[in-house]
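Have your viewer ready and follow along.

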Amino acid sequence: MTAGKIISVSELNVEILLNSTPVKKRDVLYVDEGGRRRRFEVAEVDGSIAAAVPFDSVFGLKKGMEVKKEEEGLSVEYSDQILGRVFDSYGSLIDGTVIEHPAKKSVYREPLRLSDVEINGEILWTGIKVLDFFAPMQKGFKMGLLGGAGVGKTVVIKELINNVYKGFGSNSVFIGVGERSREGKELYDEMKEGGLMDKISMVFGQMGENSMSRSKAVFSGLTVAEYLRDEKKQDVLLFIDNIYRFVQASSEISADMNRMPIENGYPSDLETMVSEIEERINSTENGSITSFQAIYIPADDITDEAVQAITQHLDGQVVLSRKVAEKGLYPAVDVFNTRSSMIDVEKVGERHYRLVEQVLQYLTRYQELEEIIAVLGIEELSQEDKLIFYRSRKLRNYFTQPMSVAAHFNGIPGEYVDIQDVLKDVEDILAGVYDDMDEGSFYMTGKCNGR
C-alpha cells in the first residue's frame, strides 16, 4: 500500500509527504531499494508530513522514493518458540535459527489495568544468601543492579536464571541495550555451555547499532516476557542491561527530531517514556515479571534526571562493588548500599528484620575496628570488640557462596540455600555458636548450621 514519498533524509529522521493512506504514530513504512527492504517507524505526523525513524542506515535513500506501509507494525514472536532464541530489536532472529510458522505480536501494548495488577505476590527467594538476606524480592519487583565490568554481574545473572528455573520451573528473558556486542556474545556462549539456553530468550540492541535499535530492544523483550507471564502463566525473571541506554537512545532520536529538550538534553517526555516501560513490569494473578535492571550512572551523578526517572519506579537496588570483589568475596555485593523495600517487619517478619539490622551494625563496627587495628594492633581491642571483629569476619565470609553456573570453572559445586537456613546460621554466628571455628570454614560454603 503506497503511503507517500520521501522529501528529506537525515541520520535519524526520514520525512515523508503522505498521500491519502491513513498513517499514524508507530506505523511501519518501508522503501524497496537495491533488492533490500528499508524500514522506518513513524514518530510524528503533522498534517500531511510524517517524521519516521529508520531501523538501520539511511545510506542509499533519497528524495522522491516511493514509501509503502506495512500491514503490521513492529512485532516479535509470541509463542513457545521464543525459548532458546536470540532476537534483534525488531523481532528478527540473529542466532542462525529459523522459526517455522511464526506467530507474531505487536511490541506495543497498554499497561495492565489497575484491577489486573497483583501487588501481594509471594516473596521470590533466589537461594543466593546475600540477596535473600539483605535484598529479598517479591514477585513483580523491579530491582536495580549497579556494578561495572569485572565484578561478577554476569555470574549473578546466570545464577538467578538457574535458581529461579529450579525453584519455579519458570524461564527468563535477557534484554541487552546499548552494551558491547562482545559481552552479548560472551553471555550467549556461557549460557549455552551452562545448559541454560533452553530456559531463556534474548533480545539485543547493541552499542554499534543505531538509536532506533537501542530504543526498541526493551519493547521487544518485554513482549517476550509478557508471553511467558500471560500465556504460560509463569513467574518470569527479566534482565535489562542497561536501562539507561534506552533513555540515551530515545534522547538521540528526540534531538534529531528538533524537539525541545529539558536539562542535560533529555526529552521533555522523559518520565512518560520511562513509565511506559516500567508499568508493563508487573504481577497478575496468573504470573509475574520480576526485573533486574542494570543502570549506568552518568558522571557518578545519582541525581541525574534520567537516573531519577528510572529509580523512582524501583523497589530496591543491589550494588556490586569492585572493592568487595578485590577481597575475593563473591557475590561481590556492597551490603551497605544494597536495599529492598521488603526489609520491613510486616513483610519479612521481626526475626529477619532485626537480624539485618544487627548484621549491618556489626559490619559497620568492623570497618571502624579495621582502622584501629591498622594503627594499634588487635591486642588493644576490648574483649567485646574482639568478638565483634571475629564474628564480622565470619559473617563476611558466610555471605560468599559457590555458584552452580561457575562450578565448571572452580570445581566447587554450587549450592541453593534456603532463607530459613540463612537466618539460623546468622543467628548462630552472632550468638557465638561458631566462635571456636576458623573464619576460613565459612568461605564459599552453603549453609553451616549443624556442622
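In which loop is N242 found? N242 is in the loop between β15 (235-241) and α5, where helices (H or I, at least four residues) and strands (E, at least two) are DSSP runs numbered from the N terminus. Before going further, please keep in mind that this is a predicted model, in which local features need pLDDT of at least 70, side-chain atom pairs count only at pLDDT 80 or more, and totals for chains, interfaces and linings use all residues. Residues are numbered from 1 along each chain as its sequence is written, and side-chain values use heavy atoms, with hydrogens and water left out.

Back to N242: a cis peptide bond joins D241 to N242, with omega at about 25 degrees. Another cis bond lies between Y330 and P331, and its omega is about 0 degrees. P331 belongs to the loop between α8 (322-326) and β18 (339-340). For background, most peptide bonds are trans, and most residues other than glycine have a negative phi.

R26 has a phi near 80 degrees, a positive value in a residue other than glycine. You can find R26 in the loop between β2 (13-18) and β3 (28-33). R26 counts as partly exposed because its relative accessibility is 24%; buried means under 20% relative accessible area, exposed over 50%, and partly exposed in between (1.4 Å probe, protein chains only). H101 also has a positive phi, near 55 degrees, and sits in the loop between β8 (86-88) and β9 (104-106). With a relative accessible area of 70%, H101 is exposed.

Helix α4 holds S211, which counts as buried at 4% relative accessibility. Leaving aside residues up to four places away in sequence, S211 touches L12, A249, E252 and I253. By contrast, S211 and L114 are 32 Å apart, C-alpha to C-alpha, and 97 residues apart in sequence.

Finally, let's zoom out. The chain has 13 helices and 18 strands, and 53% of its 451 residues count as buried. Among contacts with a separation of 6 or more, 72% come from residues 24 or more positions apart. The C-alpha atoms fill a box of roughly 85 × 45 × 45 Å along the principal axes. For 451 residues, a compact globule would have a radius of gyration near 22 Å, and the 25 Å of the chain agrees with that; this radius is taken over C-alpha atoms, and the globule rule is 2.2 Å times the number of residues to the power 0.38.

Conventions: Contact means heavy atoms within 4.5 Å.
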